[in-house]
Amino acid sequence: MPVSRKSDTSQKNALKREGGLVGLILACVGASIGSGWLFGPLFTAKMAGPLAIGSWILGAAAILLLALVFAELAPMIPRAGAVVHLAHVGNGPIVGHMWSWILFLSYASIAPLEVTAVLTYANNYYPGLLQPHTDLLSSFGFLIAVIMLGLFVITNFMVIGWVLRINNAATWWKIGIPLLTAVMLIAVAWHPGNFHMRADNTLSDVHGMFIAIASGGVIFSLLGFRHAIDLAGESKNPRRDVPIAVIGSVLIASAVYIAVQVAFLGAVNPADIAKDGWVHLHFQGVNGPFAALAAAVGIGWLATLLYVDAFISPAGTGLIYTTTAARVTLATAETGAAPMWLNKINRHGVPWVTLILLFLVGIIFFLPFPSWQKMVGYIASMTVLSYSIGPIALIQIRKAMPNLERPFRLWGAPVLAPIAFVVSTWIVYWSGLHTLNFIFITLFVLLAIYALTGVFRKGRWAEMGWQYMWWIFPYFMGMWVISWIGPKDLGGLGYLAFFPSMGALAVLALSVFYLAIRESVADKTMRIYMRQFGNKVPPAAP
């Protein structure tokens, strides 16, 4: 079972290694600071009230745990879409294919979501981009959205070095404007009494604090670290640069988001929350919350600047996500989870076929899908679910190759890895039962289709590695059952309270974690896999 398969085209025209350390860090930070900073603080405040600050702190800690895991793993697989390859290494082809599908669905939807965010803000000063009294695109808005998505794709036809240079310039702006906004709002419109107002009289702010991590845009906004992993195949020195970029970008983005959340909470007019609390917060221009706040407190020049940023920040994020989504899709073809015709790279090192596919798939996401908040819940949960394979792979590779050279070695991995898996499971759970229904139904349909291809293709069934993936069934089904009988806040029946349900999930996740390690691919096979990535794998101990 080879890890990857390469066409003649991909061998002749390989991805160009033109990315440096600064480019990787700025790619991660630039991906993090997009529509998330424009909308995330509003939805997080409505769900958690003043405890929204805790949502960002806990979310940052959770993402940092995953980032530390991948800081060790990613340099050992310096290939485009490294997460896709990692799922294959320890868990066989079928698990790798499932994780490929999860990643593709999450990545392909982000650029369209960022375009929608641009048009949502723009509708405040150019009405007609959205349908009246909704957050859905009008026919004219749909046309503009398709053109914008096309520009992202066309820009990505340049070599990666130029794409990263464009992103670098945009990212310095994207860091500066949120920090400037935080400073100005705190200086001009600071209402300390807002921090004592509850979300409302019925919703538990503590529950809301956890739910907002998945559904309020927190995790969605902090997932930018993964771009260092996805662009490792185009980094000049991935073994040094990837760990630094992964960890550093999480710390930078978290600091920016905590600052703007504090500023937002303090700047809201107390009259807007005095009667019904944060959960019913509404003010004129709420579809462009920071610009509306700036205008309301008399900082007109900042409001104008924010409307400009409402194009630059999401557009920059959409651009870099188009870049990395193409690399993830390329990896799915290399591992056999997608047709080989996707595995084509032109003479400039650009995966052009995957870019065209992403454009076509992206157009579908402009159709009447749920709101920004609902979509980020789906995307965040699917992405975290895909990255939850990391802690499992870390221990599997440690067990099979304890002496393998590791540019970065995670301290306390036997303890931190299972904790990271539990936390990942919680994040997916916090997105709610409706999101889990969407994710699991989609995955089981894809799995059924893939299983049928194995039945009708001679010799394929035995090669799929079904024996390595049985842990997925108790994991998915257990998570769904706990969510179904869990708290009403998350869409469940209410038979199991919020924190007891988290305890039950922790037991489930730990059981599945060690089951997945026990049922992993044979150590000998894993060593063969790792050699294909250029690692100097020491011989097995006698």
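About 19,800 Å² of accessible surface covers this protein, and 68% of that belongs to carbon and sulfur atoms. Keep in mind that this is a predicted model. The fold has 23 helices and zero strands, and of its 542 residues 62% count as buried. Among contacts with a separation of 6 or more, 82% join residues 24 or more positions apart.

**The nonpolar cores**
- The largest nonpolar core takes in 170 residues, and the members that touch the most others are Trp99, Phe225, Phe264, Ile397, Trp471 and Met530.
- Helix 5, spanning residues 82–108, gives the most to this core, with 15 residues.
- There's also a second, separate core of 16 residues, with Val115, Val118, Leu119 and Ala145 among them.

**A look at Trp471**
- Setting aside neighbours within four places in sequence, Trp471 is in contact with Asn91, Val95, Trp99, Ile389, Ile392, Val512, Leu515 and Ala516.
- Trp471 turns up again in a cluster linked by ring pairs, together with Trp99, Phe421, Phe440, Phe444, Trp470, Phe473, Tyr475, Phe476, Phe513 and Tyr514.

**Aromatic pairs**
- The count comes to 28 aromatic pairs.
- One of them joins Trp190 and Phe195: the ring centres are 5.2 Å apart and the planes meet at 40 degrees, so this pair is tilted.
- Both partners are partly exposed, since Trp190 has 37% relative accessibility and Phe195 has a relative accessible area of 22%, values between the 20% and 50% cut-offs.
- Phe498 and Phe499 pair up too, but edge-to-face, with 5.3 Å centre to centre and 80 degrees between the planes.

- Tyr125, Tyr126, Phe140, Leu143, Ile147, Leu151 and Ile154 make a nonpolar surface patch of about 750 Å².
- Leu151, one of the patch residues, lies in helix 7, which runs over residues 139–155.

Conventions. Residues numbered from 1 in each chain as written. Predicted model: local features only at pLDDT ≥ 70, side-chain atom pairs only at ≥ 80, totals over all residues. Heavy atoms only, no water. Phe/Tyr/Trp six-rings, centres within 6.5 Å; stacked < 30°, edge-to-face > 60°. Buried < 20%, exposed > 50% of the residue type's maximum accessible area, 1.4 Å probe, protein only. Patch = residues over 30% accessible without salt bridge, like charges linked within 9 Å, V, L, I, M, F, W, Y side chains within 5 Å. Areas by Shrake-Rupley, 256 points an atom, 1.4 Å probe, with all protein chains shown as cover. Salt bridge = Lys/Arg side-chain N within 4 Å of Asp/Glu carboxyl O. Helix = DSSP H or I, 4+ residues; strand = E, 2+ residues; numbered from the N terminus. Core = buried A, V, L, I, M, F, W, Y, C linked by side-chain atoms within 4.5 Å. Contact = heavy atoms within 4.5 Å.
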